[in-house]
Amino acid sequence: MTTTAYTVTGMTCGHCAQSVTEELERLPEVSSVTVDLAGNRVTVVSGRPIEDGEVRAAVTEAGYELVGRI
């Protein structure tokens with residue numbers, strides 16, 4: 001299992017967190033997503049390392065901005 005944390009901006013509420021979570025969970029082998037709204041942090045656990053471009057595309061699709069890995 002691989003755990004990676006990212007900084008994501010623009011999330012302000014539970015709906016935001018749910019949108020980001022749903023998009024990221026669609027990526028192959030993602031087993032869990034945790035969103036920390038106060039810290040602008042998203043943690044992804046997956047069965048393999050996920051390319052940053054895949055994560056960025058999912059976050060963008062949800063309407064938010066991936067700043068980078070933490």
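This is a predicted model: local features need pLDDT of at least 70, side-chain atom pairs count only at pLDDT 80 or more; totals for chains, interfaces and linings use all residues.
Residues are numbered from 1 along each chain as its sequence is written, and side-chain values use heavy atoms, with hydrogens and water left out.

Start by selecting residues 14-25, which is helix α1 (helices are DSSP runs of H or I with at least four residues, strands are E runs of at least two, numbered from the N terminus). Its 12 residues reach 16 Å from first C-alpha to last, close to the expected 16 Å (1.5 Å times one less than the number of residues).

Now colour C16, A17, S19, V20, T21, E23 and L24, the buried residues of α1 (buried is under 20% relative accessible area, exposed over 50%, partly exposed in between, with a 1.4 Å probe and protein chains only). They pack against β2 (30-36), β3 (41-46) and α2 (52-62) (contact means heavy atoms within 4.5 Å).

Next, show R26 with E23: their side chains meet in a salt bridge at 2.9 Å, N to O (a Lys or Arg side-chain nitrogen within 4 Å of an Asp or Glu carboxyl oxygen). R26 is exposed at 60%, while E23 is buried at 17%. The count comes to 4 salt bridges.

Move on to E29 and R48, a salt bridge at 3.8 Å. E29 sits in the loop between α1 and β2 and R48 in the loop between β3 and α2, so the pair ties together parts 19 residues apart in sequence.

Shared partners join E29, R48 and E54 into one network.
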